[in-house]
Amino acid sequence: MGAAVIFSIVFLLLAITSTVNSCPPGDLAALLAFKSALKEPYIGIFKSWTGNKCCENWYGVDCDSKTGRVAEISLRGELEEPMFQKAHHERYMTGMISPAICKLHHLSTIIISEWKGISGNIPACISTLAHLRHLDLVGNKITGELPTDIGKLQHLNVINLADNMITGKIPASIVNLTYLVHLDLRNNKISGEIPRNFGKLQMLSRALLSNNAITGSIPASIATMDRLSDLYLSDNQISGAIPDSIGNMSTLSTLNLDYNIITGTLPGSLLSSEGLNALNLSRNTISGYIPDVFGPRSYFTSLDLSHNDLKGTIPKSISSASYIGHLDLSYNHLCGQIPSGSPFDHLEASSFTDNTCLCGLPLKKC
């Protein structure tokens, strides 16, 4: 084989390798437009975003090994990132998420989290990214509303938009995300009601909606969610009664409804539930008696019923619970003697203060 032929083969192989490692022109243009809308002054995370080999050398960019298309943008501002530990600088980025990100049609993961200063809206066109599975924009200053058509993202597993300044309602289309497992909208300014058919999210394991301005009642359809383990609705403006059926959910382990305006009586099913082990109903206007339904299946690491309008005596069956770690019944209208034995033998007076006429240890004698 002549030298000219060998040279031609080597040149061809180098050209093929260069083409494989280089960024598709459309993806390259979209990434550069995305970068131009952001400013990160301390660490220099975009210093590697040069040349055309975005799939090889660019920080936070990963590509599909088969198609060569950009599949992931992962820019985390957490201090645990090795780059930040070496630089010894504060994590901070300003700017906005450019709609150019929607031109990366093969994206499955978008993580732009904990940068403190990124503002602007979530681009509405993000609902066109048909392959998107993971959306994480936690810990920024993002405003505006959730994209109306977010329900079109049929493969979406994770939505984490906590700790921003998002307003507006939870889009009705969200219930179409049949593969959604994790929904975190905590610490925003979201208003309006939870969609009545929220229970359609049958794969959902965690629904974290605390510290917003959500109104209306708790949808009864939530009780049909067979995989839901954590429901956080604290610090909203939720009203109405707690649906009795929620206590019958076999997988629900944490239910936080504190700091709302919930009325009605306390469902006994919540106290006799086999799976529920953390229940916080404090700072509502729940009335009536504490149901005398505790039993060996009752296991609570924390049970907080404080700051309500509960009356009557503390049920004696509570002593039959298999475990109660923290119990708070303060600031109600309870009366009578505090039962003896577990769990009362390890509780302090603060768990019972400001009731009508409770007595007995750890309070004064009857």
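**Overall architecture and selected local features of the predicted chain**

The secondary structure of the protein chain consists of 5 helices and 23 strands, where helices (H or I, at least four residues) and strands (E, at least two) are DSSP runs numbered from the N terminus. The structure is a predicted model, in which local features need a pLDDT of at least 70 and side-chain atom pairs count only at pLDDT 80 or more, while totals for chains, interfaces and linings use all residues. Residues are numbered from 1 along each chain as its sequence is written, and side-chain values use heavy atoms, with hydrogens and water left out.

The pLDDT, which is the predictor's confidence in each residue on a scale from 0 to 100, averages 92 over the protein chain, and 91% of the residues score at least 70. Over residues 1-19, however, the pLDDT is below 50, and this stretch has 2 contacts in the model beyond near neighbours in sequence, a contact being defined as heavy atoms within 4.5 Å.

With regard to overall dimensions, the C-alpha trace of the protein chain spans about 105 × 45 × 40 Å along its principal axes. The radius of gyration of the protein chain is 27 Å, whereas a compact globule of 366 residues would have a value near 21 Å; the radius is taken over C-alpha atoms, and the globule rule is 2.2 Å times the number of residues to the power 0.38. Among contacts between residues at least 6 apart in sequence, 51% join residues at least 24 apart. The accessible surface comes to about 16,700 Å², of which 55% belongs to carbon and sulfur atoms, as computed by the Shrake-Rupley method with a 1.4 Å probe, with only the protein chains shown counting as cover for residues. Buried residues make up 49% of the 366 residues, where buried means under 20% relative accessible area, exposed means over 50%, and partly exposed lies in between (1.4 Å probe, protein chains only).

The largest nonpolar core holds 96 residues, of which L31, I101 and I110 touch the most other members; such a core is a set of buried Ala, Val, Leu, Ile, Met, Phe, Trp, Tyr and Cys residues joined through side-chain atoms within 4.5 Å. At least two residues of this core are supplied by each of α2 (25-36), β3 (70-76), β5 (109-113), α5 (268-272), β19 (299-304) and β21 (323-328), and α2 gives the most, with 4 residues. When residues up to four places away in sequence are not counted, I101 touches F34, I73, L107, I110, I112 and L129.

The annotation "domain: Disease resistance R13L4/SHOC-2-like LRR" covers residues 116-187, a span that is 0% helix and 18% strand and whose end C-alpha atoms lie 14 Å apart.

Leaving aside neighbours within four places in sequence, I324 is in contact with F294, F300, I318, P343 and H346. Apart from neighbours within four places in sequence, S351 is in contact with L327, D328, L329 and S330.

The peptide bond from S342 to P343 is cis, with omega near 0°, and the bond from L361 to P362 is cis with omega near 5°, P362 lying in the segment after β23. K116, which is not a glycine, has a positive phi of about 70°; this residue lies in strand β6 (residues 116-119) and counts as partly exposed because its relative accessibility is 34%. H307, also not a glycine, has a positive phi of about 60° and lies in the loop between β19 and β20 (309-312), where its relative accessibility of 22% makes H307 partly exposed.

Technical notes:
UniProt positions renumbered as here; feature names shortened; annotations may be inferred.
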